[in-house]
Amino acid sequence: MKVELLSPAGDLERLKIACSYGADAIYIGGRDYSLRANADNFSIEDIKEGCRFAHELGKKVYLTLNIVFHNEDIDGVYDYIKAVVDAGIDAFIVSDLFLVRYIKKNFQVEVHLSTQASVTNYLSVNFLKQEKIDRVVLAREVNRDDIKEIIEKTGMDIEIFIHGAMCTFVSGRCVLSNYFTNRDSNRGGCAQICRFCFDINDLEVPFSMAVKDLNMALYIKDMIELGVRSFKIEGRMRSPFYLAVVLSSYRRLIDAVYNNTLTDDILEKEMKILSRVSNRENSTHFYFEEASLKDQYYTGRQENSNQDYLGIVMERQDNLYTIRQRNYFKVGDKIEIITPNMDIINLEVKNLYNEKMERIEVANQADSILKMELDMDIPIYSMLRKPYIS
Ligand code: SF4
């Protein structure tokens with residue numbers, strides 16, 4: 001069975017974009033009980049629509065229910081689960097074991113154990129198998145040998161994070177945010193304190209605990225050969241552009257592995273693309289050896305905001321395209337359009353209008369609606385960007 005490419009989506013639009021750019025499955029959060037309270041998150045109606053859209057394309061939707069439940073969080077969760085099952089969800093991603101038996105006993109739906117449960121060994125996985133869990137998302141801190149041994153000794157469906165931000169602490173075991181901002185990291189409130197810069201007496205430079213991002217692109221083939229069942233991308237708060245670029249890159253890599261066409265040149269090219277869309281350096285973290293100094297930023301550093309994303313195609317009427325703008329561009333600029341079909345179209349910006357169809361020369365208001373005349377066929381959700389590498 002081909003490995004699954006699993007994408008995050010913070011809202012319905014991003015779910016549709018993820019489906020369009022090569023994800024096989026999408027994980028989302030509801031308005032309650034999910035660890036990304038800052039994402040827009042999905043109402044029951046959104047979940048219904050998301051499942052309908054994904055299922056029509058043969059894709060799956062998973063819902064995270066992975067907060068650390070305190071007594072006060074339990075009220076309402078059973079009704080919520082029923083409503084989500086009725087909305088058509090394919091699996092729940094849970095971390096608290098009381099939910100496992102409840103869901104398995106009452107519904108025909110898969111249950112995946114969240115990375116928040118920090119599973120790192122085959123005995124735990126075998127125990128979870130007896131509890132009828134369908135999949136385990138291993139802790140991000142597990143190395144290659146352990147992944148291999150866990151798969152060999154359990155035969156469990158194993159999911160691994162392959163790309164995106166890491167926690168400085170073992171995922172799900174950090175309360176920095178609670179102490180600094182009174183927001184519970186494990187109930188959706190993480191304020192990413194580990195990325196802050198601190199002034200510390202006697203240190204000449206600001207101190208930071210931030211870690212580099214995870215990037216496993218070079219080892220996709222190796223992980224497929226180990227028998228990993230699902231490759232997960234981190235980031236329900238990430239932009240549509242980030243999702244489109246990262247998903248298409250991994251889609252091309254996975255397909256190249258299965259088609260026996262993967263080469264060093266392809267790997268090098270995809271690594272350049274993935275580095276460009278990221279605002280941090282990257283590393284393989286725990287995969288080959290214990291994470292160390294090389295995987296971390298100890299001193300203060302700037303997060304570079306990415307200006308490549310110029311806009312997204314939202315609608316089309318004949319040759320007039322509606323675009324939601326993101327970053328500055330102007331008439332005369334040479335830009336690229338990337339499409340869900342993986343095409344890259346180079347063009348010069350010519351006929352540009354505002355929402356009232358008044359001609360404009362410059363697009364300089366983030367999130368404004370623009371119109372652009374284009375003499376070509378471009379699908380919805382294509383992205384306008386600054387020219388990348390050839
Ligand atoms: S503060 Fe950092 S380490 Fe702690 S939960 Fe948030 S992202 Fe993870």
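**View 1. Strands S13 and S14 pair in the antiparallel sense.** Residues 309-317 make up S13, and residues 320-325 make up S14. Six bridges link the two strands in this predicted model. Valine 313 has isoleucine 323 of S14 as its bridge partner. Two residues separate S13 from S14, and the pair forms a hairpin. In the turn sits aspartate 318, with a positive phi of about 50 degrees.

**View 2. S14 also pairs with strand S20.** S20 covers residues 369-373 and runs antiparallel to S14. Five bridges join S14 and S20. Tyrosine 321 is bridged to methionine 372 in S20. Isoleucine 323 stands opposite leucine 370 in S20. Isoleucine 323 is also the S14 bridge partner of valine 313.

**View 3. Seven strands make an open sheet.** The strand order is S17-S16-S21-S13-S14-S20-S18. Pairing in the sheet is antiparallel. S17 (344-348) and S18 (352-354) stand at the edges. Each of these edge strands has a single partner strand, so one side of each lacks a neighbour in the sheet. From one strand to the next, the twist averages 30 degrees.

**View 4. Helices H10 and H11 cross at roughly 165 degrees.** H10 spans residues 240-258 and H11 spans residues 264-277. Their axes come within 10 Å. An angle over 145 degrees counts as roughly antiparallel, so H10 and H11 are roughly antiparallel to each other. The crossing of H10 and H11 is left-handed.

**View 5. Helix H1 packs with H10.** H1 comprises residues 12-20. The axes of H1 and H10 lie 9 Å apart, at an angle of about 20 degrees. H1 is therefore roughly parallel to H10. The crossing of H1 and H10 is right-handed.

**View 6. Helices H4 and H5 cross at roughly 45 degrees.** H4 holds residues 77-87, and H5 holds residues 98-106. The two axes come within 12 Å. H4 and H5 are therefore oblique to each other. H4 passes H5 in a right-handed crossing.

**View 7. The largest cavity contains about 130 Å³ of space.** Its lining has 15 residues. Closest to the centre of the cavity are Arg140, Val142, Ile160, Phe161 and Leu214. By class, the lining of the largest cavity has 12 nonpolar residues, two polar and one charged. The count of cavities of 30 Å³ or more comes to one.

**View 8. The second largest pocket has a volume of about 170 Å³.** This pocket is lined by 13 residues. Thr168, Val211, Phe286, Ala291 and Gln296 are the closest to its centre. Seven of the lining residues of the second largest pocket are nonpolar, four are polar and two are charged.

Methods
Residues are numbered from 1 along each chain as its sequence is written. This is a predicted model: local features need pLDDT of at least 70, side-chain atom pairs count only at pLDDT 80 or more; totals for chains, interfaces and linings use all residues. Side-chain values use heavy atoms; hydrogens and water are left out. On a 1 Å grid over the protein atoms alone, a cavity is a set of points where a 1.4 Å probe fits but cannot get out, and a pocket is an open set with protein on both sides within 12 Å along at least five of seven lines; lining residues have an atom within 4 Å of a point. Grid points are joined across faces, edges and corners, and a volume is the space filled by probe spheres set on the points. Ala, Val, Leu, Ile, Met, Phe, Trp, Tyr, Cys and Pro count as nonpolar, Asp, Glu, Lys and Arg as charged, and the others, Gly among them, as polar. Two strands pair if DSSP finds at least two bridges between them. Helices (H or I, at least four residues) and strands (E, at least two) are DSSP runs, numbered from the N terminus. Axes are lines fitted to C-alpha atoms, for helices over the stretch in contact, and angles run from 0 to 180 degrees between N-to-C directions. Angles under 35 degrees count as roughly parallel, over 145 as roughly antiparallel, 65 to 115 as roughly perpendicular and the rest as oblique. A crossing is left-handed if the near helix is turned anticlockwise from the far one by less than a right angle, and right-handed if clockwise.
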